[in-house]
Amino acid sequence: MSKRQLPEGFQDLEPYLEWSLATDRERSIKRQTSPMTKITAFYQAVVPRMDEILAYLEQYPLEQVPADAQRLFYLTLSLAKIAPAVEMYGEPVPEGLDTLRLENIDIYPTRS
Amino acid sequence: MTLQTNGATGGKWHARYPELGTGPVPIEPYISLEYFEKEREHIFRKVWLNVGRVEQIPEPGDYFVKDLAVCRTSVIIVRGHDGQVHAFHNMCSHRGNPVVWNAKGTCKMFTCRYHSWTYGLDGTLRHIPDEKNFYGIKKDAHGLTPVAVDTWEGFIFINVDPRPKETLREYLGAAGESFEGYPFAEMATGCSTWEVDVNANWKVCKDAFQEVYHIFSLHNKSTGAAFASTSNPYLNVHELALFGPHARISVPANLDWKPTPVEALARRYGMLALQKQGSSSQGMPSGVNPTASPDWSFSGLIYFPNMCLFVADGGIIMHTMWPLSENRTHWEARTYFPKAKTLAHRFSQEYSRATFVDGVLVEDGGTFEKTQSMLASGAKKQVILGDEELLIRHHHKVTEQFFNA
């Protein structure tokens, strides 16, 4: 498992690969089932690197993203998902309807 | 400005629409099965209902099925070989089986799973296996039963009334007209929906999106401060306007609000669906920021009976409430968004969706079942509405008009 998972220059984020999840539902479950300490650690590791990450990702056309860059991209989607937990709520999910009851469908094209 | 009695400082919307009164509203409409059945017969089986967008069926043969329990039917919406959108009751002429079982797809013909009776995209009955077994059947008299269908700004509406009293355009009236020209097609290149069945009356859900008075309170940890400001702490709106059965709402932004670090990042790479600052309504139709306010965030078409369509500079948010019974609702919350140009833009849109889920699905949605259970308690017979909650009052009034029509 010494094979590099993230692009050159982003190896320091490899401890957070558990957040590199392909679907919205996986990211929702991850957010909902992680303690704030883990969510915050991920947030603090990724936020300072975001300028660099997004600049790096912007070089790829949407349809030709290499696997390592795709993993890095999924980290940013998880950041989008958990940012409100850290910046607004101070807890993994806000009080209210359980997000796992929601069925999320991309009705037509869309994202990945 | 003269003050109302009881120290009330508002009353400006009431002054504009005095016929709606100021009294409390009965709870009965939210809990009564009998009332729900009247809504079904007098409203949902009579009016134009939005079931989707044209982008869902771009090519001839593309179709989707909409189960409309409240109309007691299931409808196939298909793009025909003529390029037009058609709608049919999803019911085989043979013995009533739904012709299409899947939610969407592409086909050249509809073939009933039960006995393989086959229909064209135009609904005509094309083939009956072992046709000689039937008694002088005239195929051209047994096509799929059509449902009235029309489009407005790319939104597909159906009407299960066999003879609709008005065209879609007549029904939309001046309210719809005032949103025509918003870049719907460009803004709706993609669509994500979140759907959930909630144990609440459909109007409990709709009411949450007919007023923004709750934003400073319910959303105090999330978006509250982005909208409400020190000069407008309870987020009094720029405009409430009524147009026949429909209404319009236009909502301010707090220009002094400072985005969080990740929100700032997301905004750098794209507009958020509900951008709270830096929104421009330049070039937009008259219903979008109708007061031309510099501190504008978004405007909404509150379409009777069951759709709230919110448009902003950066995207579209739409809620549709499909009643299942007097205390159950299938709620569809959708965000439409333009095509992402880069991965960074996709990140930006994902942040927009994440805050939509937290702020709207979770926080607003979290009130529905709680409210319903107390409305059903019988402890109180009525609820109280303020001036900023005019549209809820209006909905009840319009319903009465439909019942008495």
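This is a predicted model: local features need pLDDT of at least 70, side-chain atom pairs count only at pLDDT 80 or more; totals for chains, interfaces and linings use all residues.
Chain B is divided into two domains: domain 1 covers 10–25 + 178–404, and domain 2 covers 49–173. The C-alpha centres of these two domains of chain B are 32 Å apart. Where the domains meet, 14 residues of domain 1 of chain B are in contact with nine residues of domain 2 of chain B. On the domain 1 side of this contact, α5 (184–187) and β17 (316–325) of chain B each supply at least two residues. The largest share of that side comes from β17(B), with four residues. By class, the residues that domain 1 of chain B places against domain 2 of chain B are nine nonpolar, four polar and one charged.

The largest nonpolar core comprises 141 residues. Within this core, B:Val75, B:Ile76 and B:Ile77 have the most contacts. The element with the largest share of the core is α10(B), which gives twelve residues. Because domain 1 (10–25 + 178–404) and domain 2 (49–173) of chain B both give residues to this core, the core lies between them. The surroundings of B:Val75 can be listed in detail. Leaving aside residues up to four places away in sequence, B:Val75 touches B:Val51, B:Val65, B:Lys66, B:Leu68, B:Ala87, B:Phe88, B:His89, B:Asn90, B:Val147 and B:Ile158.

Attention now turns to the contact between the chains. This contact takes 36 residues from chain A and 35 residues from chain B. In chain B, β12 (190–198), α9 (261–268) and α10 (343–375) each supply at least two residues of the side that touches chain A. Of the elements of chain B, α10(B) gives the most to this side, with 16 residues. The side of chain B that touches chain A is made up of 17 nonpolar, eleven polar and seven charged residues. Strand pairing also links the two chains: strand β1 of chain A (residues 103–108) and β12(B) run antiparallel and are joined by five bridges. In this pairing, A:Tyr108 has B:Cys191 in β12(B) as its bridge partner.

Within chain B, strand β13 (residues 239–243) and strand β14 (residues 246–252) pair in the antiparallel sense, again over five bridges. Here B:Glu239 has B:Ser250 in β14(B) as its bridge partner. The hairpin of β13(B) and β14(B) has two residues between the strands, and B:Gly244 takes a positive phi near 60° in this hairpin.

B:Phe304 and B:Pro305 are joined by a cis peptide bond, with omega about 10°. B:Pro305 is found in the loop between β15 (296–303) and β16 (307–312) of chain B. B:Asp130 counts as exposed because it has 8 C-beta neighbours inside 10 Å, where the limit for an exposed residue is 12 or fewer. Another is B:Ala292, with phi near 50°, in the loop between α9 and β15 of chain B. B:Ala292 has 11 other C-beta atoms within 10 Å and is therefore exposed.

Key. Residues are numbered from 1 along each chain as its sequence is written. Chains are lettered from A and ligands numbered from 1 in the order in which they are written. Two residues are in contact if their C-beta atoms, placed from the backbone, lie within 7 Å. Ala, Val, Leu, Ile, Met, Phe, Trp, Tyr, Cys and Pro count as nonpolar, Asp, Glu, Lys and Arg as charged, and the others, Gly among them, as polar. Two strands pair if DSSP finds at least two bridges between them. Domain bounds come from an automatic or database domain assignment. A residue is buried if 20 or more other C-beta atoms lie within 10 Å of its own, exposed if 12 or fewer, and partly exposed in between; C-beta atoms are placed from the backbone. A nonpolar core is a set of buried Ala, Val, Leu, Ile, Met, Phe, Trp, Tyr and Cys residues joined through C-beta atoms within 7 Å.
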